[in-house]
Structure formats: C-alpha cells, structure tokens
Amino acid sequence: MYSFYGTWPWYISGFLIGAIMLTLVYFGKQFGMSSNLRTLCTMAGAGKNVSFFKFDWREQKWNLAVVFGAILGGFVAVHFLSDGSGVNLNPQTVEQLAAMNIEAPNGKLGPDSLFGLEAVKTPKAFAILLLGGLLIGFGTRYAGGCTSGHAISGLSNLQKPSLIAVIGFFIGGLLMAHFLLPLIF
C-alpha cells in the first residue's frame, strides 16, 4: 500500500492514460472536461435560450462519468490514499512566492492569501479571481476545449489544432508565471 500514498511514476500514470485513450479511440469517443459543463447546462435547460446548448445531451452522458469519477477519485485519494503530508513544493518555488509576498501553501493546493475565504473578500483578490475565471472560460470556448481535452485527447488523436492549443497553453502559462504574476503581486 505504500506505493499508493506517494506520487505515481510517470510510466504508470502515462500507461494508464494511454490505455484509457486507446479505449476511447476504439469506441469513437473523445475526452474533455469542459464539454461536460456544456452538457450540464443543456441538461438544466439552457438550450431553450441559447442555440449553443441545443444538442442531444444523452449522447454525451457517458462523459459525465468522467466528472463524477474525478470527484470520487479525488475524495478517495485525499481520504484513503494519502499520507497526510499534503502538497510539497520545491524550496525554490517557496522562495519565489516569498519574493512576491505570497506565503507558502503549507501542504495545500494554494496559499490562503490568494484562495482562502478572507482573500476573496478583498477587492483585489476578487477581481483577480473574477477576471481569471472569465479569461479561462473565454479561452476554453475560443480554443474549442480545455487543457485535458486538447492535451490528452486531441494530441493522442494527432489533431493539429490541439497541438497549437497546447503550445499556446504552455506559452501563456510561462508568460503568466514569469512576467504577469510578479507585476500583479
């Protein structure tokens, strides 16, 4: 059981992702998390007002299992397959965060000064989260999918638009992390 508590090696995780993608290709399906939001909105009746949501969501209901599986898998991983140490950041990353006056997350996924309930109450943090959410939503729609859809499903299907999108994701992430984030903080 000890091997389940740590980070899995790339060759095990990569093999499992590849096996899932081969199965999806065999059945003629494509994977993506952002498409599930469209399906959920359609199920809620958004197709009555917006033509983008007018499609037969029942054809995509298999993909909702991915969402529920991710939620269930996260719960199981945190509560049953974790040693309780949380996320361990590289010491250089902690130093870079400290240089921007951001404390280390201390085992959490994000620092409380950015993502805690108190931070959301400040106008600056609220504006950052709101603008970031809008940009991510717009970018996902504009690119025709999210990082998981393009990087995992699109690249495994050798789709050129997915390659372009993934290159754009990486360039955008590097620009944000190295140039824009220090300006914001």
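View 1. On a 1 Å grid over the protein atoms alone, a pocket is an open set of points where a 1.4 Å probe fits, with protein on both sides within 12 Å along at least five of seven lines, and lining residues have an atom within 4 Å of a point. The largest pocket of this predicted model has a volume of about 1100 Å³, a volume being the space filled by probe spheres set on the points. Of the 32 residues that line the largest pocket, Gly132, Gly133, Leu135, Ile136 and Met176 are the closest to its centre. Residues are numbered from 1 along each chain as its sequence is written, side-chain values use heavy atoms without hydrogens or water, and local features need pLDDT of at least 70, side-chain atom pairs 80 or more, while totals for chains, interfaces and linings use all residues.

**View 2. Helix 8 in the pocket lining.** Helix 8 (123-143) provides the largest share of the lining, 15 residues, with helices being DSSP runs (H or I, at least four residues) numbered from the N terminus. Helix 6 (112-115) and helix 10 (160-184) each supply at least two lining residues as well.

View 3. The ring centres of Phe52 and Phe53 lie 5.1 Å apart with planes at 75 degrees, so the pair is edge-to-face (centres within 6.5 Å, planes over 60 degrees apart). Phe52 is partly exposed at 28% relative accessible area, whereas Phe53, at 17%, is buried (buried under 20%, exposed over 50%, partly exposed in between, 1.4 Å probe, protein chains only). The charged end of Arg38 sits over the ring of Phe52, 4.3 Å from its centre (CZ of Arg within 6 Å of the ring centre and within 35 degrees of the ring normal).

Terms used
Phe/Tyr/Trp six-rings, centres within 6.5 Å; stacked < 30°, edge-to-face > 60°.
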